[in-house]
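Me: I'm new to this structure and would like to learn how to read its features. Could you walk me through a few of them?

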Amino acid sequence: MKNICFSQNHYGHFDIQLLTLKVVMNTPDSTNQQIPSRNHKPISQILARHGLNLTREKTTCLQINTGLVCNQSCAHCHLEAGPYRLESMDLITAEQVIEYAARNSFETIDITGGAPELNPNISTLIAELGKYTQKLMFRSNLSALNNRQNDQLMELLRDNRAVIVASLPSLNQGQTDSQRGNQVFARSIEALQRLNSLGYGKDGCELVLDLVSNPTGAFFPPSQEQAEKKFRQTLHRKWGITFNNLYCFANVPLGRFRKWLKSSGNLDPYLERLASAFNPCAARGVMCKSLICVSWDGYLYDCDFNLAAGLPMNRRKTHITDMQRKPLAGTPIALADHCYTCMAGTGFT
Ligand code: SF4
């Protein structure tokens, strides 16, 4: 799932700046409006210096963004998802996505959002897509999954052997609630306990429960190895929770996080820090070489970050109904400064 090129400090020797991240309020139509930054080197220049030219290889993963509706409004969200958003995959588009998955063979199908739990067609998507792939992945913020109405959804995920990738930014209740909203930590812990009770995250069980943690500001995450150890010990000791893997990712400078970086004067320093941590090994393994992402309205992107940035695949808006097969190997990938995040340290997949 990830490109491990460094094993100690994933992002090198940079100073950690603990900054308080405040939520920048935004309008619902602002997702695709990148605030420009001028002082960093273009990603193409860094790639050229390392003799790298990123193009698509064999596409093995179909990622589906079901929409921007979410019960949370996280300060770092690159898609600016939230309760006020209206974008949501309708049944017609869901059926078109299912037909595309049936026509093509994807090793992995990755369902994300917003909060995919809140899409009215999510049960259909899980049940149908589960037929066409060996590995179904479901990304959850946990609090949206912890809803009595979603008991059936947890069972459907289990029945389809879906890998659950759950975000849990921190082991600290105050930090989590300030980043994600009141009571989010408690609801997340309860969701993990319920997933464990269904057999997820247990040694020797094929139901995989992975966690994702990200920083609460313009700094890089800690060593993944150490963080995983701490999460494992603390979650088990305090709440009896077990999980399979923890992944630590830096925040992507897009959407709500980019607005905050800009307004707090941190955009250029953050981009420069990412660029300084450039790792050719991570750049060679970026997920966009093997992934295609479809948005809630059926358009295709090289990844979810390019979707947030409004950068369509091949820089041309293509609807999934106009794409019979997978994109061809050798197709150029649309790159921009947010790509530094995928190529810094151990990368981001
Ligand atoms: S952000 Fe850029 S490098 Fe990362 S997956 Fe998307 S296109 Fe590739």
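**Strands, loops and backbone angles**

Reply: Happy to! Keep in mind that this is a predicted model.

Me: Which strands do the four bridges join, and how do they run?

Reply: Bridges are what tie strands together. Here, four of them link β3 (residues 133-140) with β4 (residues 163-167), and these two strands run parallel.

Me: In what order do the eight strands of the open sheet come?

Reply: Read across the sheet and you get β6-β5-β4-β3-β2-β1-β7-β8, with mixed pairing. The strands at the edges are β6 (245-248) and β8 (300-301), each of which pairs on one side only.

Me: Which peptide bond is cis?

Reply: Here you look at the omega angle. The bond from Gly113 to Gly114 is cis, with omega near 25 degrees. Gly114 sits in the loop that connects β2 (106-112) and α3 (122-129).

Me: What about phi: where is Gln183, and is Gln183 buried, partly exposed or exposed?

Reply: Gln183 is not a glycine, yet its phi is positive, at about 70 degrees. You will find Gln183 in the loop between α5 (173-180) and α6 (184-197). With 13 other C-beta atoms within 10 Å, Gln183 is partly exposed.

Key: Residues numbered from 1 in each chain as written. Predicted model: local features only at pLDDT ≥ 70, side-chain atom pairs only at ≥ 80, totals over all residues. Buried ≥ 20, exposed ≤ 12 C-beta atoms within 10 Å, placed from the backbone. Pairing = 2+ DSSP bridges.
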